[in-house]
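Colleague: I am new to this structure and would like to learn how to read it. Could you take me through some of its features one by one?

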Amino acid sequence: MREEEKYPQGHTDDQTVAQLLTHLKRMRRSVPVNYQLKADLKKQLLERMKELEAKKVQPQAERPWMKRKWVWSGGTVLAAVLLIGAYLLWWGDSSVTINKQEVLTLPAEATVEQVDIDKSATQIAYIVQSSELRTIPIDSETKPVTFKLPPTKGKYVAVAWSNLGKQIAVVEQVEQTSRIWLVDLPTTYNVGSSRLLKEEEGVAFSSPSWSQHDDSLAYTRSKNGMDEIWVSSTISFQEWKLAEGSQPEWSPDGRFLSLHKDGEIAVMEMRTGLITILGQGQWASWRSEHELTYTKADGQLMEAELGDESFVNRELHLRNQSAAEFVRGNWAAKGKQLLLISRESQPVELVVSLASR
Amino acid sequence: MRRSWMLAFVVAWVCFLGQPASAENNVDIEINMPMSGLIKYESWARVGVTISSQEKDVAGFVELSRNPLAKNQRQTNLRQPVKLEKGKSTTLFFDLPVQLLLDDWYIQVTQNGQVIKSEKLRLPYPKDGQTIGVVNEGGNAFHFLAVNASQTKQNRSISVQTVSPDMLPDQSWMLESLDVLAIGGKQETPINDTQLNAIKEWIKLGGVVILSAGPEQDGLVQRFADILPIPPGNKGSVNIADALRVYMDDKPAPPGNIPVYNKDFPLFVAKPSGKGLLLFVNYDVTLEPLASWQHNLPLWQNVMVQQGATTILENKRYLDQMSRPFLELSKKIPDVQTPTPVWMVVLWGGYVLLVAPLAYIVLKRIGRREWAWGIIPGVAVLLTIGIFAFGKPLVVKTNASYTVSEINILDEHLARARTAATFLSVDKDGYDVIVEPSIVAVPLTQGRRDYEPEGLTDGSRLLSYRNLPYLTPKQATGFGVLREIGAFDVNVHVEENRIVGQVKNNTLYSYEQAYIEVGLQRIPIGALKKGEEKQIDGAVEALFMPRDQLQEEADSPEKRRKEMQENVIGYGQGGQVRLIGITTDPIPLMKMQEPHQSYYWNVVNQTVQLKPQENGNVVMPYGLLNVDLLETTGDYDSINGYLWQLGKGSITFELRTDMTNLDLKRLLVPLDHSSYRPFRVEYFQQKSGKWRLVDRGTKLVLDRELQDALTVNHTLLLRFSNDGPSRLSLPVPFFQVEGVRKW
């Protein structure tokens with residue numbers, strides 16, 4: 001709208017108009033000043049808000065990340081501590097935990113040699129009813145087997161599983177005659193059979209032990225109270241006397257043979273024939289190429305570690321052990337599983353358990 | 001318009017078809033085999049290909065191809081170059097194992113990469129059983145040697161095939177298609193010297209020659225005098241009944257006399273030479289009354305047994321003519337390290353899973369994803385160059401070859417050789433290999449299922465490998481003879497259960513290891529240098545069963561190599577004691593014609609003739625002579641061939657005392673061993689026709705009663721019975737015999 005239209009000509013109150021105009025002029029002069037101030041204030045306000053917002057946002061963005069970092073770091077350290085602790089507690093400790101109590105019980109007249117575990121720790125073999133060989137599976141894939149041994153008027157007194165797990169050596173005792181049979185266990189394609197490896201009158205065989213490749217068998221030959229260790233080849237007719245003593249056990253690599261002589265456990269190096277006495281005890285069993293365990297008279301399980309020129313003996317604790325008197329331990333699964341044979345007094349029986357470390 | 005186009009197309013097509021047709025008509029292919037195509041599965045054969053050019057010159061190749069039209073150039077072919085003027089013809093030879101030749105093959109003539117003629121290779125099927133080649137005028141000589149399978153002990157037929165003298169090969173290995181060569185007194189054409197030398201060499205290699213001659217049929221008898229001297233000019237006649245009594249005591253002989261070449265000699269005289277035998281028949285086999293005598297068959301069976309020919313024929317080892325164990329071992333070139341599959345997976349997986357995604361992520365962040373087009377292939381190229389630069393020296397540094405050979409010494413002048421080699425070139429795509437003149441070889445490549453003949457040959461000594469992919473090993477297998485390499489001087493005998501004596505190395509090589517092999521046992525001698533002499537004193541076990549290898553734990557490369565070496569060494573057969581030497585000395589039977597690092601692994605062996613003890617008896621130790629399963633009742637099973645399981649029933653073994661050339665005096669079976677005690681053991685006494693019980697836990701020792709016990713086949717039968725309910729195992733009853741050597 002034009003000025004003339006807003007204020008029509010011919011108004012009478014000239015002074016009022018003039019005052020009004022003066023006032024308006026003053027007002028107009030003052031308006032730019034306010035606008036400037038307003039703009040300045042707004043600008044300052046916005047800057048201030050930005051600063052405040054920036055200050056607020058920054059700590060809020062950093063804090064969760066830092067928190068997570070601390071949580072992860074703490075968790076990792078805790079896990080490491082726990083792992084180390086567990087290692088020290090379980091693996092570092094020279095103890096063995098019995099995890100399957102009373103897998104098998106045998107009557108009081110049974111001997112500790114009548115049960116054995118195969119080297120891969122999948123099954124246990126034992127003698128029942130004088131002439132029956134049975135196996136109990138440890139894992140779910142193996143099936144139990146019952147094998148009829150050649151009929152006997154005496155009894156079968158010892159079993160030993162071959163290293164390859166396909167054969168079992170059993171010892172038969174009939175009055176004055178002793179026999180060692182090699183049993184081929186039944187398979188899907190074969191019904192199994194027995195082969196007479198050794199028969200001799202006037203002696204008692206016991207504690208058979210297979211060599212590394214199952215091509216020979218060491219055993220105790222007792223005659224007139226004298227114990228000797230003999231070896232019979234399973235692939236030829238060769239046989240020879242190895243040493244005086246009993247309870248032979250071949251180390252997994254065939255380098256050593258442990259034996260029991262005069263109440264002590266000794267180790268013979270096969271190459272040199274050198275014999276090292278480890279200590280009082282019986283029933284040695286090899287855990288690895290350089291480690292074996294044996295049982296002291298008080299039922300304490302001992303572990304011996306063979307060095308190049310010396311050995312270290314230490315006690316091996318059995319966790320979860322029952323009140324039964326521990327007699328013999330046979331290692332399997334490359335030193336991870338242990339077949340424990342104990343003698344219970346109430347009722348009198350032989351208790352077989354499984355342990356691991 | 002359309003018709004004219006079609007006409008032009010038809011004309012062009014006809015012209016296209018016409019071109020090869022005219023080329024095909026230019027060439028004729030004729031295939032021929034030595035000795036009228038007589039081939040045996042377990043031998044090599046020579047395929048003769050005669051190419052004739054009709055109208056144009058031919059310059060190309062004659063190829064042995066699996067495909068009638070070799071459009072695919074990458075298929076395996078064995079080739080020989082051919083250059084022929086028009087109107088001329090030439091004959092090329094392909095020497096190959098028969099087992100390879102029995103596949104479908106085409107003989108093709110190619111020129112400029114085009115097949116101009118293709119002909120299917122049609123071979124007669126190899127004969128089953130034994131083959132006797134008869135060289136005599138007329139076709140009926142030696143017809144009585146033919147035997148049906150049902151009439152022989154091994155259930156193998158014996159067939160007779162007439163061979164004219166001009167068909168006889170001039171190289172000994174080609175006679176391997178025969179088992180026996182029977183030569184009569186009259187030939188249509190004379191056998192030339194080269195053929196005769198080949199026959200004599202074949203006898204040394206294990207061949208059996210029957211030579212018949214009547215009065216004044218001097219022709220060949222005197223030419224074989226270096227093996228068996230029979231003085232000429234001493235003809236006469238002998239009474240048939242008297243002369244045959246030793247062979248036919250229970251059959252009435254034809255009455256009268258028969259004229260003989262030399263009246264001072266018996267009707268049949270044999271002389272071993274090397275591994276074979278020359279059997280001289282002192283009369284003309286075509287002469288009546290013996291020529292058509294009804295009992296000729298049993299007569300000749302007895303003659304062959306008593307003169308040792310049957311033993312030689314039965315003891316022939318079946319050899320894989322491709323020598324696959326040799327080829328397998330030769331692939332393991334020492335110092336050539338094949339990268340492990342794990343490393344290859346790591347490198348490839350690393351590239352695929354790491355480089356490409358990483359490049360994508362990085363490039364996306366910097367906003368340069370299009371660079372991936374260059375970076376990903378670039379890294380691939382760099383990786384390839386890197387692997388090549390760093391990996392190649394780790395795999396192989398230089399050209400290399402590995403030759404594996406078995407040398408069987410027959411005498412100080414002659415040895416049989418089998419060889420296989422692998423060649424690897426690092427900087428060339430082709431090379432030549434020169435083969436020793438006395439060796440026949442074929443170049444091979446590893447096909448999908450088996451080895452395939454592939455390469456270029458000149459038909460004799462040159463094997464060429466061309467257009468080879470980078471770092472691709474190629475192979476060759478061959479066999480033949482070696483001359484003048486010397487022999488071991490072995491003087492050993494058996495005393496009780498020990499083999500004692502001395503051995504001297506008079507061969508050209510030094511051995512890192514040496515053994516005396518008795519059956520399955522190897523008695524170590526240690527290293528044996530050239531010219532060195534060593535004493536031997538080793539125990540021979542009454543029973544020895546090899547350890548079951550399959551039961552062993554996981555394979556290591558070194559163990560695998562040892563198994564391969566064991567497969568090359570193998571075991572001797574037929575009751576022979578062997579001396580075995582292992583040497584890495586160079587025996588370059590096939591030599592790569594490029595500078596290269598050559599490796600060798602050689603087995604040198606020699607059959608050892610056991611010497612007599614002081615009392616003149618030769619002892620054949622336990623485990624040397626075979627024990628066969630003859631009969632069973634009830635259920636039985638074998639665990640590994642050396643242990644037998646027996647339920648309620650019996651098992652009868654035949655002790656092969658006939659496998660020796662001894663006049664037997666004593667036999668021992670260690671039945672006292674515990675393993676036999678659960679069984680009832682009996683031996684069969686032929687004279688009384690009854691089974692005789694062996695006391696439990698006692699050795700079986702037969703001396704005076706031995707001859708009464710031996711069967712008509714000169715063997716001893718031993719029966720083990722299990723009367724109990726349990727299944728029991730028993731080891732094979734190995735035995736020992738003593739006697740005086742007959743020849």
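Modeller: Start with a pair of strands. Strand S24 (residues 486-495) of chain B and strand S25 (residues 498-507) of chain B run antiparallel and are joined by ten bridges. Strands here are DSSP runs (E, at least two residues), helices are runs of H or I of at least four residues, and both are numbered from the N terminus. Two strands pair if DSSP finds at least two bridges between them.

This is a predicted model, in which local features need pLDDT of at least 70, side-chain atom pairs count only at pLDDT 80 or more, and totals for chains, interfaces and linings use all residues. Residues are numbered from 1 along each chain as its sequence is written, while chains are lettered from A and ligands numbered from 1 in the order in which they are written.

Colleague: What is the bridge partner of B:Glu495 in S25(B)?

Modeller: B:Arg498 is the partner of B:Glu495. S24(B) and S25(B) form a hairpin with two residues between them, and B:Glu496 in the turn has a positive phi of about 50°. S25(B) also pairs with strand S28 (residues 533-539) of chain B, in the antiparallel sense, over seven bridges. There B:Ile499 has B:Gly538 as its bridge partner.

Colleague: Which hairpins does S15(A) form, with S14(A) and with S16(A)?

Modeller: The general idea first: strands of a sheet pair through backbone hydrogen bonds, either parallel or antiparallel. Strand S14 (residues 246-250) of chain A pairs with S15(A) in the antiparallel sense over three bridges, and A:Ser246 stands opposite A:His260. Their hairpin has five residues between the strands, with A:Gly254 at a positive phi near 75°. S15(A) is joined to strand S16 (residues 264-269) of chain A by six bridges, again antiparallel, and A:Leu257 has A:Met268 as its bridge partner. That hairpin has two residues between the strands, and A:Asp262 takes a positive phi near 50°.

Colleague: Why is strand S15 (residues 256-261) of chain A largely enclosed by the rest of the structure?

Modeller: Five of the six residues of this strand are buried, so the strand is largely enclosed. A residue is buried if 20 or more other C-beta atoms lie within 10 Å of its own, exposed if 12 or fewer, and partly exposed in between, with C-beta atoms placed from the backbone.

Colleague: Is B:Ser330 buried or exposed?

Modeller: B:Ser330 has 28 C-beta neighbours inside 10 Å, so it counts as buried. B:Ser330 lies in helix H8 (residues 324-330) of chain B. Leaving aside neighbours within four places in sequence, the contacts of B:Ser330 include B:Tyr402, B:Val404 and B:Gln475. Contact means that the C-beta atoms, placed from the backbone, lie within 7 Å.

For another case, take B:Ile387 in helix H10 (residues 372-395) of chain B. B:Ile387 counts as partly exposed because it has 16 C-beta neighbours inside 10 Å.

Colleague: How should I read a sheet with edges?

Modeller: Look at the strand order. Four strands of chain B form an open antiparallel sheet in the order S32-S43-S37-S40. Strand S32 (618-620) and strand S40 (700-702) of chain B are at the edges with a single partner strand each, so one side of each has no neighbour in the sheet. Strand S37 (residues 662-669) of chain B and S40(B) run antiparallel and are joined by three bridges, with B:Val669 opposite B:Leu700.

Colleague: Which residues have the most contacts inside the largest nonpolar core?

Modeller: In soluble globular proteins, nonpolar side chains tend to be buried together. Here the largest nonpolar core has 188 residues, and B:Leu211 and B:Leu279 have the most contacts inside it. Strand S17 (residues 414-424) of chain B gives the most to this core, with seven residues. A nonpolar core is a set of buried Ala, Val, Leu, Ile, Met, Phe, Trp, Tyr and Cys residues joined through C-beta atoms within 7 Å.

Colleague: How many residues of chain B are in contact with chain A?

Modeller: 21 residues of chain B are in contact with 21 residues of chain A.

Terms used. Contact = placed C-beta atoms within 7 Å.
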